[in-house]
Amino acid sequence: MRQVANLIGCLATIAVMGMASCSKVVTPQSIISKGERLALNDWDNDSIEIITTGTAGFIIRYKESVLVADPFIGNPSMNKVVSGKIYPDTVYAKSIYNKELLAKAKAVIIGHGHYDHVLDLPAISDELNKDVRVFCNRSVANIVAATSLKDNVVNVESVSGSYSREGEWQYTKDSSIRVMAFKSTHPPHFLGITLYSGDVEAPLSKLPEKANGWKMGLPLTFLVDFMEAGKPVCRIYAQSSACSDSMGLFPAGMMDDKKVDVAFTAAASSKKRLAQLLATVKYVQPRVEIITHWDNFFERITVEQQVKSMAKCDAAKNYQSLEKEYGPAIKVVLPRQGSRFVVAGK
Ligand SMILES: [Zn+2]
């Protein structure tokens, strides 16, 4: 058993090293957006402010309410991930995240428990609104139990929906945001193996020190509505790891009440997954489609640096395929980490 674990650890090391060493500069750089105003026809609501924070992370503000997704910004090196220890980087995270926005954060959503989706949640925990609710799976809830946010966690696994069945809406304390989770899936990292799968089975008293302690649990996607007078006025779809088939999708009938305004979908790393991504976007029909989880998250991005993608992920092809298929009806965005977008009327 131990030999099998060692072998998997060894293969994981090779896979992760391969990912890092093969990361490449995205060409052409001109398709990477450093932030812009996205003007929509028939947009009568207040503007939406979006900041992409790298990997699958983003922050959205509508009026006085803010949603934070998959907080991960420290980007520990490949060496630390493979054979060292990884920690939330409080100093760095606080220097990057906007304090005013975090103070308005009423909801946090976490797609799954891998470190690259949640490692820096503890780093920003004391900046978040005191009433914030953290919507996540069981594994993440058990990890977050080790932090000051343990009483703010809502495990939504048992109320999550699927392609054929609605889940239950979960509200923030002030009811300005509601969240519905859907059962999803996660693509294998190599040879059909998904690293760090399974659940953290019981509440932790100390954060995991190694990458393999951040166990994935059940991957989730989310519909998030910003509410006014009890009605949804801005709808977000967040899918932070590539789905397959109908996993991660919601019942089509839900779009009769409110269409999706902005979708965040994870970039595809193979031809098959690209076809899946195109099918997902066709189904979700967002007005703005933001491609996430394409950048090399083993190093920090500086202002001058050229942006590199993950190995196997052809970010330019993702962008160009979506743009060719659905633009300009859908505004497709390949965002640089730290970019600020404003969705507004013409
Ligand atoms: Zn993952």
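1. The model is a predicted one. Its open sheet is built from eight strands, ordered S2-S17-S15-S14-S13-S12-S11-S10, with mixed pairing. The edges are taken by strand S2 (32–33) and strand S10 (170–171); each has a single partner strand, so one side of each has no neighbour in the sheet.

2. Within this sheet, strand S12 (residues 220–228) and strand S13 (residues 231–239) run antiparallel and are joined by eight bridges.

3. Helix H9 (residues 271–284) lies across S13, strand S14 (262–266) and strand S15 (288–292), and runs at about 165° to S14. Helix H10 (residues 315–326) packs on the sheet too, where it touches S15 and strand S17 (331–335), and its direction makes about 170° with that of S17.

4. The length of H9 can be checked. At 1.5 Å a residue its 14 residues should span 20 Å, and the end C-alpha atoms are 20 Å apart, which agrees.

5. Which residues of H9 are buried? They are Arg273, Gln276, Leu277, Thr280, Val281 and Val284. Seen down the helix axis, the buried residues of H9 fall within an arc of 135°, so they line one face. As a general point, an α-helix has 3.6 residues a turn, so residues three or four places apart point the same way. The buried residues of H9 pack against S13, S14, S15 and H10. On the other side of H9, the exposed residues are Lys271, Lys272, Ala275 and Lys282.

6. Val284 belongs to helix H9. Val284 has 22 C-beta neighbours inside 10 Å; the cut-off for a buried residue is 20 or more, so Val284 counts as buried. Setting aside neighbours within four places in sequence, the contacts of Val284 are Tyr237, Val260 and Ala263. Lys259 is 25 residues from Val284 in sequence, yet the two C-alpha atoms are 8.2 Å apart in space. After H9 comes Gln285, which has a positive phi, near 50°.

7. Strand S5 (residues 57–62) is joined to S6 by five bridges, and the two run antiparallel. Tyr62 has Ser65 in S6 as its bridge partner. The hairpin of S5 and S6 has two residues between the strands, and Lys63 in this hairpin takes a positive phi near 55°. S6 is also joined to strand S7 (residues 105–109), here by four bridges and in parallel. Val68 stands opposite Val108 in S7.

8. Is strand S6 (residues 65–69) mostly covered or uncovered? It is mostly covered, five of its five residues being buried. Both faces of S6 are covered, with Ser65, Leu67 and Ala69 on one side and Val66 and Val68 on the other.

9. For the whole chain, the secondary structure comes to ten helices and 18 strands. The radius of gyration is 19 Å, close to the 20 Å that the globule rule gives for 346 residues, so the chain is as compact as a globular protein of that length. Along the principal axes, the C-alpha atoms fill a box of roughly 60 × 45 × 40 Å.

10. Buried residues make up 49% of the 346 residues. Of the contacts with a separation of 6 or more, 73% are between residues 24 or more positions apart.

Terms used: Residues numbered from 1 in each chain as written. Predicted model: local features only at pLDDT ≥ 70, side-chain atom pairs only at ≥ 80, totals over all residues. Pairing = 2+ DSSP bridges. Contact = placed C-beta atoms within 7 Å. Axes fitted to C-alpha atoms, helices over the stretch in contact; angles between N-to-C directions. Buried ≥ 20, exposed ≤ 12 C-beta atoms within 10 Å, placed from the backbone. Expected span 1.5 Å × (residues − 1). Arc of directions from axis to C-beta. Rg over C-alpha atoms; globule rule 2.2 N^0.38 Å.
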